Amino acid sequence: MNTEGLRNKSSAEEENNININIMVNGQSYSLAVHPAYRLVDILRNDLGLTGTKISCEIGRCGACSVVMDGNLVNACLVMAYQVDNQVIETIEQVAIETIHPIQQAFLEEGALQCGYCTPGMVIALKSLLDKNNHPTEEEVLDYLSGNLCRCTGYNGILRAVQRYKNESLSIHKFKL
Amino acid sequence: MRLVRENFPSKWKVRPDGLAKVTGTLKYLTDLIFPNMLYGKVLRSSYPHAKILSISTGNAEKLEGVKAVVTHNDVPGMNRFGLIFPDQPVLCDDVARYVGDAIAAVAAESEEIAELAIKLIEVEYEPLEVIDDPEKALLQSAVKLHPGGNILHRAGYKSSEEVMNVIKECPYVVEETYETPRQMHAYMETEGGVVVPDKNGGITVYAATQHGFKDRMQLARILGMPESDIRVISSPIGGSFGGKDELNIQPYAALLALKTGRPIKLHNKRSESVRAGIKRHPMKMKMITGADEQGKLVGHYVKIIADTGAYATLGPAVLDFAVEHSTGPYLIPHVDIEGISVFTNNGVSGEYRGFGGNQVTFALESQIDRLAEMMRMDPLMLREINIRNAEDLGPLGQRIVANDGAKNVLSMIKSSTILTAPLKRQDNWCLRGRGAAITMHGGGLGFGRPDPSGARLALTKEGEIEIAFGFEEFGQGLLASIEIMMTDMLGCAKEDIKIVIGDTDLVPASGSSTASRSTNMIWQGINKLKEPWRDKILDAASSVTGVQKRKLFIGERGVWEKGVKNKMIITYKELAKSFSHNLPVCSTQYHFPTTPDAVIGGHYLHTYAAVAAEVEIDQLTGRIKVTKLDHSVAAGPVVNPLGYLGQIEGGAIMGLGFTLFEDSIMEHARYHTENFDSYLLPTIKDIPLSTNVDVDESLFESDIFGPRGVGEIGTVAVAPAITAAIHNACGIWVSKLPVSPEELLNALELTPFLFDQQEVVE
Ligand code: FES
Ligand code: FES
């Protein structure tokens with residue numbers, strides 16, 4: 001169990017802290033944090049998991065997307081008291097030994113430029129594909145409508161999803 | 001040629017920074033954490049225009065966890081910054097001129113404490129009269145925002161004294177006033193970074209910028225410290241689009257770092273980014289354009305008022321660019337263009353992808369479409385009649401590099417299926433229409449403006465071929481382009497290459513990564529270094545191996561000997577070992593190509609683009625959906641097809657946002673817009689699912705300038721193509737962006753529209 005945070009804390013802050021237990025990317029942590037502290041701060045500041053980004057901090061852009069207990073959430077809107085005993089998956093967990101096929105498809109199809117929205121996009125798509133490996137275009141559009149990208153105009157992202165679908169289809173066919 | 005993988009198989013490359021980006025392992029400068037780091041926060045003015053009577057920081061300083069508070073008294077050097085004229089206070093001393101003006105800054109143990117401390121700073125203001133409109137700023141009675149008055153800059157071009165007279169004689173005249181919004185760059189990563197002080201009194205600045213050396217120069221001036229004591233590390237960047245070229249948080253983090261002796265992280269919240277960050281210049285453009293019976297444009301009269309906000313930044317250059325591009329790719333014998341850039345207490349306007357071109361192109365192309373309707377002529381035919389020829393002079397009468405791009409993109413877009421396939425005009429509540437627009441866009445800073453670049457090629461002691469440029473990677477794909485050009489021009493493998501950018505201690509000055517100049521400057525640089533490099537490497541290889549130089553060539557992994565079967569005779573690694581004390585280095589300095597004619601700001605290299613759009617209008621809500629968008633682009637040879645495609649596609653959606661949604665709304669010089677809940681960026685559901693990009697790669701034989709940059713061109717002509725399609729769908733002309741669904745609905749009620757009225761005469 002890891003209790004070390006990276007953040008400097010002042011004694012004033014520590015007074016009202018609550019203890020939370022949280023499982024992030026398969027590792028459990030026990031932390032003392034302010035109840036209104038946000039999940040995105042825990043990830044970025046306390047655990048050093050900076051793959052999760054911050055951009056709007058009001059739930060409008062999806063740059064901070066993570067999976068909490070199987071659901072896609074905006075980590076900027078989740079408070080510390082809400083994550084006690086929860087299982088969190090961040091972008092750092094998506095590629096462990098090899099990269100995920102959707103990440104490969106992102107690379108091939110130019111689904112990223114500055115890359116700042118990319119972790120959020122990837123985690124959002126992965127959480128969709130985990131549930132449904134062949135989403136319709138409509139489902140993809142709906143699912144990604146909370147993830148903003150200012151660089152790509154999204155065309156590359158849609159190409160990547162198409163490639164993913166084609167390839168997983170061909171693997172599937174091959175197996176049959 | 002269609003820009004798809006099949007047509008560019010060998011150049012369709014995964015970007016070198018891609019893996020770190022898709023896995024989230026790439027550290028942006030705002031992700032950095034240093035031991036002992038403090039958090040900075042800036043106090044911004046409570047008023048858009050006010051005298052500052054006193055600033056008292058005592059209570060903030062007393063707060064536990066606060067380590068420093070700085071005000072104008074703590075600025076050791078020049079308390080001003082600005083890319084052209086340093087007129088913006090780092091920390092206001094006597095007057096605040098907009099709501100983004102910085103008054104004080106705090107360093108504390110945590111962001112929360114810093115935020116609290118900001119609230120404890122007491123500032124006594126005396127509110128002054130606010131100018132929230134450039135036309136008000138021009139009134140005799142208006143208060144003066146700067147000692148020189150309220151006019152930042154005037155620019156104009158007149159090719160004849162007769163303009164209004166010849167227009168009066170024209171059988172077809174269109175007069176209209178157009179307005180464009182205060183578009184926000186809305187990069188996903190807001191401005192931020194860390195400044196780390198060192199033991200010798202210097203600092204390292206880790207913060208995004210488009211021009212590390214310019215930041216260093218401006219910071220040296222502010223901090224009263226030699227440039228050599230400042231190191232600027234400025235890539236990677238989570239988006240910029242022109243918005244991070246000017247200084248933003250760097251001076252505050254630097255002042256606090258020097259005062260506390262500790263690293264300072266300062267990362268703007270979105271609301272602060274909106275408040276303090278620059279925007280696209282809102283412009284009001286009056287155009288009167290006349291054509292003769294045959295459809296030849298005869299006279300074009302233009303008046304532009306740009307709201308430059310409280311400070312100059314690149315305002316003068318943006319206006320010059322707008323004036324120059326007011327005639328687009330057309331030949332018009334009588335032209336009179338006047339522009340004025342005016343100070344107000346509104347948000348500061350500055351550099352933004354397209355650089356004043358987007359605004360005037362919207363107005364100009366709308367004029368052409370209105371004229372075509374008046375003449376009952378096909379709008380593309382009208383363009384064809386007036387389009388420039390390859391050898392014609394540029395829009396300011398300056399010589400430009402001859403190129404058929406304007407004609408080529410026009411003829412390419414004519415065959416877009418958006419324009420040729422049958423269109424179902426109406427079903428249920430939906431009206432459909434289609435339209436097109438074209439543009440030409442200058443690259444580089446223009447005549448009379450220092451626009452130098454540098455490049456360095458070296459063999460490292462590890463045997464890597466190190467290429468160094470002072471450019472920045474903000475997503476545009478610069479690293480991929482460098483890699484492709486290096487393997488292409490030097491014959492090496494991508495594994496042989498080490499790319500160094502974004503660090504003033506390690507790279508040569510290359511100028512700003514702006515004005516679509518980087519691709520061209522990189523190509524020029526490598527092109528100039530290619531021969532000396534080959535020479536040095538082959539000399540070295542020959543002296544080590546004893547094989548005659550003429551039998552050798554540089555290739556993948558090392559130097560090869562020509563033969564029936566080429567064979568590798570020494571690897572770069574081995575070569576580096578043998579020459580560890582005298583490693584080959586080649587450097588070069590050069591300038592962006594400029595016109596030989598002394599026309600200040602005049603551009604020499606151009607790109608050309610045409611856009612076709614199809615839209616659907618919901619008659620119940622007035623909502624517009626762009627359903628298809630095609631592009632033709634002429635920008636010389638395609639270096640990096642995937643990057644090129646991304647620039648056009650991404651630029652187009654930024655243009656779509658400019659047309660339909662985006663405006664940073666201000667009232668009485670205060671922002672209503674604070675974040676993405678009140679500033680609507682296009683989402684994935686707002687984009688056309690069908691988009692094609694066709695490219696014309698041709699250059700004339702005499703054209704030695706290589707590939708042009710495409711960072712801006714994809715965004716310039718999108719608005720007029722969409723508004724032409726809107727008119728085609730419902731008969732309503734839009735003259736103000738973003739298009740308001742409410743206004744469109746009202747107009748639809750007033751104008752019952754029958755399709756057969758608008759059938760054009762071919
Ligand atoms: S930062 Fe969380 S949704 Fe934007
Ligand atoms: S790649 Fe830059 S915001 Fe999406």
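H11(B) and H12(B) cross in a left-handed way, meaning the near helix is turned anticlockwise from the far one by less than a right angle. This is a predicted model, where local features need pLDDT of at least 70, side-chain atom pairs count only at pLDDT 80 or more, and totals for chains, interfaces and linings use all residues. Residues are numbered from 1 along each chain as its sequence is written, chains are lettered from A and ligands numbered from 1 in the order in which they are written, and side-chain values use heavy atoms, leaving out hydrogens and water.

**The helix pair**
- Helix H11 (residues 379-386) and helix H12 (residues 405-414) of chain B have axes that come within 11 Å and cross at roughly 160°.
- That is why H11(B) and H12(B) are roughly antiparallel (angles over 145 degrees count as that).
- On the H11(B) side, B:Leu380, B:Arg383 and B:Glu384 touch B:Leu410, B:Ile413 and B:Lys414 of H12(B) (contact means heavy atoms within 4.5 Å).
- This contact has three nonpolar, no polar and three charged residues.

**The sheet**
- Chain A has an open sheet of five strands, ordered S2-S1-S5-S3-S4, with mixed pairing (two strands pair if DSSP finds at least two bridges between them; strands are DSSP runs of E, at least two residues, and helices runs of H or I, at least four).
- At the edges sit strand S2 (27-33) and strand S4 (71-74) of chain A, each pairing on one side only.
- On average, neighbouring strands here are turned by 40° against each other, direction ignored.
- Strand S3 (residues 65-68) and strand S5 (residues 86-89) of chain A run antiparallel, joined by two bridges.
- A:Met68 has A:Ile88 in S5(A) as its bridge partner.

Terms used. Axes are lines fitted to C-alpha atoms, for helices over the stretch in contact, and angles run from 0 to 180 degrees between N-to-C directions. Angles under 35 degrees count as roughly parallel, over 145 as roughly antiparallel, 65 to 115 as roughly perpendicular and the rest as oblique. Ala, Val, Leu, Ile, Met, Phe, Trp, Tyr, Cys and Pro count as nonpolar, Asp, Glu, Lys and Arg as charged, and the others, Gly among them, as polar.
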